[in-house]
Amino acid sequence: KDPRLIELFEHLDKNEDGKVELKELTHFYRKEKLIKTAEAERQALKEINTFDLDADGCISFQELCQGLDKMSPLDAENWLVDKHGHSREARYSFDPSLGM
């Protein structure tokens, strides 16, 4: 899997229980995307509803991967760039440790 996806999931899973909960997503949208609380909660709930396949109110890494796999490659990349903050090209083409 894309290392950005692993990094993002670990970043979102603040309590490190292996699942991203509504409050963790809301926190992400409020603090990192600078969205007001009500809108952050709406956006977080939308993400939960999109990716929570077993309806437990949380998103596991497996559910996130399965949800992204159902998207077109462009939509999945755009989703990841929106959450992660940069594209694969922006990150890796200028990373001197990769010799590029």
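The largest cavity is lined by F9, L12, V20, L25, E47, F51, I59, L64 and W79, where a cavity is, on a 1 Å grid over the protein atoms alone, a set of points at which a 1.4 Å probe fits but cannot get out, and a lining residue has an atom within 4 Å of a point. By class, the lining of the largest cavity holds 8 nonpolar residues, no polar ones and 1 charged one, with Ala, Val, Leu, Ile, Met, Phe, Trp, Tyr, Cys and Pro counted as nonpolar, Asp, Glu, Lys and Arg as charged, and the others, Gly among them, as polar. The volume of the largest cavity is about 50 Å³, a volume being the space filled by probe spheres set on grid points that are joined across faces, edges and corners. A search of the whole structure finds 1 cavity of 30 Å³ or more.

This is a predicted model, in which local features need pLDDT of at least 70 and side-chain atom pairs count only at pLDDT 80 or more, while totals for chains, interfaces and linings use all residues. Residues are numbered from 1 along each chain as its sequence is written, and side-chain values use heavy atoms, with hydrogens and water left out.

The largest pocket has a volume of about 180 Å³, a pocket being an open set of points with protein on both sides within 12 Å along at least five of seven lines. Of the 12 residues that line the largest pocket, D2, L5, L68, A76 and L80 are the closest to its centre. At least two lining residues come from each of α1, α4 (61–70) and α5 (73–84), and α5 gives the most, with 4 residues. The lining of the largest pocket is made up of 6 nonpolar, no polar and 6 charged residues.

The contact, meaning heavy atoms within 4.5 Å, is made by L5, I6 and F9 of α1 and by F61, L64, C65 and L68 of α4, and by class it has 7 nonpolar, no polar and no charged residues.

Helices α1 and α5 pack at an angle of about 45°, with their axes 10 Å apart, and are therefore oblique to each other. Here R4, L5, E7 and L8 in α1 meet E77, W79, L80, V81, K83 and H84 in α5, and these residues divide into 5 nonpolar, 1 polar and 4 charged.

Elsewhere, the axes of helix α2 (residues 22–31) and helix α3 (residues 37–51) come within 8 Å and cross at roughly 130°, which makes α2 oblique to α3. On the α2 side the contact is made by L22, L25, T26, Y29 and R30, and on the α3 side by T37, A40, E41, Q43, A44, L45, E47 and I48. By class, the contact of α2 with α3 has 7 nonpolar, 3 polar and 3 charged residues.

How values were computed. Axes fitted to C-alpha atoms, helices over the stretch in contact; angles between N-to-C directions. Parallel < 35°, antiparallel > 145°, perpendicular 65-115°, else oblique.
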